[in-house]
Amino acid sequence: MNKEDIASIRKELKTNNSKLKIQEICSYFIKQDSKDILCSEEIYFDMMDELKKELYLKNFKKVLTGKIDSKIFELEFKNNKLGENQTQKQMLEILKTKNFKEATQTLVSKILEETCEKYELDFMISFVRGEVYKSAENKDNGEVDNDVAYSLGFFICSVCPVISPKNSLNFDFIEREFSTSVPAKAIINTASPFEGFMFPSFSEDAAETDKVVYYTQKENKPNPLFVENILDCDFKSTAQADKERFFEVVRDIVGAEIEPEVVSSIYEELGRRLDVEEESGEVSLIGLKDMERILENSGINTADKLRSSFLGIMGEENYEFKVSSITPSYETKSIKIDNNTASISIGPQDLKNVKQVTKDGIRYLMIRIDDTATLEGFDLVTEEF
């Protein structure tokens, strides 16, 4: 699964879409403190008014929005070499059963038992089941054949916080007096779900029923209780954790100090691999041998230390990093240079223009620039160094 696979499903989640067939939606309102289900509803999508349809679809679309391995994770079911994982079987049943509400209630009960304490507010759990219709690709010329179509079945679960509206002071223009308003209706924050998932995962328009797509509201902070106890999946490292451990290995080899040009060279090597990934559509991974080549090409002598450092930090010799997880964005100023005086953001391609120098015993950060720097709308005076 890559970002294009996710986007291909997400873009279809809109009303009046002939390529999307939504069957039913089940929702449960939960009191967080008592774990009581105050209300449950099952309704066929076609019976909803347009506004309600849009709000639900935007909510489910949110579960498929975010950077992969930071907010969205493709996870495999545990101990599932022979397809015997019970949670996977349960999700296949939810996907195919005639009694959708009864099937989802089992998952709701599991969420109340295992993860309810993680939510600080009352919440709503919603499920949608549907199909996306895709045009087949002609294998001879690679073009889309609109005369031949196939369907991809899925269901999505979202867990949304409930916001208690505040009392307000109002002015009545008719009676010309001030009055108070005590709202009687709670607000479901469908725009910002706590977490959720989609089953199955998809890759190149093919269902992968041994995997599930998990979403978390907080970047790089998945809920381990939900992943392990509800989805029964093995959790993989976040992009942030992978990047930190990659450079922990580098730091163990080169020491506490490094030249900006070396870091720039590492990112250039990674960037080339990321370009290949985007062209091929296949996820690019870096193992121990790949890391050795990247560091050697960047001017770092790994000698015999890389293997022991890699094993000590990663815990296994066969671990592989996703290139997309450890490569910063070249489209933004994604690199931070910090000390107690300033925090500066630059693009990875500009790292080679950075130097830390000393003059008369004073340390300076020097950045080569092509045009005049500005401060509060003023051009800075240029001085000789």
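**Helix crossing**

I started with helices H8 and H9, where H8 passes H9 in a right-handed crossing; a crossing is right-handed if the near helix is turned clockwise from the far one by less than a right angle, and left-handed if anticlockwise. The model is predicted, so local features need pLDDT of at least 70 and side-chain atom pairs count only at pLDDT 80 or more, while totals for chains, interfaces and linings use all residues. Residues are numbered from 1 along each chain as its sequence is written, and side-chain values use heavy atoms, with hydrogens and water left out.

I looked up the geometry next: the axes of H8 (residues 288-297) and H9 (residues 305-314) come within 11 Å and cross at roughly 130 degrees. That makes H8 oblique to H9. Axes here are lines fitted to C-alpha atoms, for helices over the stretch in contact, with angles running from 0 to 180 degrees between N-to-C directions. Angles under 35 degrees count as roughly parallel, over 145 as roughly antiparallel, 65 to 115 as roughly perpendicular and the rest as oblique.

Which residues meet there? I found Leu288, Met291, Glu292 and Leu295 of H8 in contact with Leu306, Arg307 and Phe310 of H9 (contact means heavy atoms within 4.5 Å).

**Aromatic rings**

My search of the whole structure gave 18 aromatic pairs. Rings of Phe, Tyr and Trp (its six-membered ring) pair if their centres lie within 6.5 Å; planes under 30 degrees apart are stacked, over 60 edge-to-face and the rest tilted. I picked out Phe247 and Tyr267, whose ring centres are 5.8 Å apart with planes at 65 degrees, so this pair is edge-to-face. Phe247 lies in H6 (residues 239-254) and Tyr267 in H7 (residues 260-280), so the pair ties together parts 20 residues apart in sequence.

**Gln90**

I found Gln90 in helix H3 (residues 86-96). Gln90 is buried, at 18% relative accessible area. Leaving out residues up to four places away in sequence, Gln90 touches Thr106, Leu107 and Lys110.

**Whole chain**

I counted 10 helices and 21 strands in the protein chain; these are DSSP runs numbered from the N terminus, helices being H or I of at least four residues and strands E of at least two. Of the 385 residues in the chain, 41% are buried.

Methods:
Buried means under 20% relative accessible area, exposed over 50%, partly exposed in between (1.4 Å probe, protein chains only).
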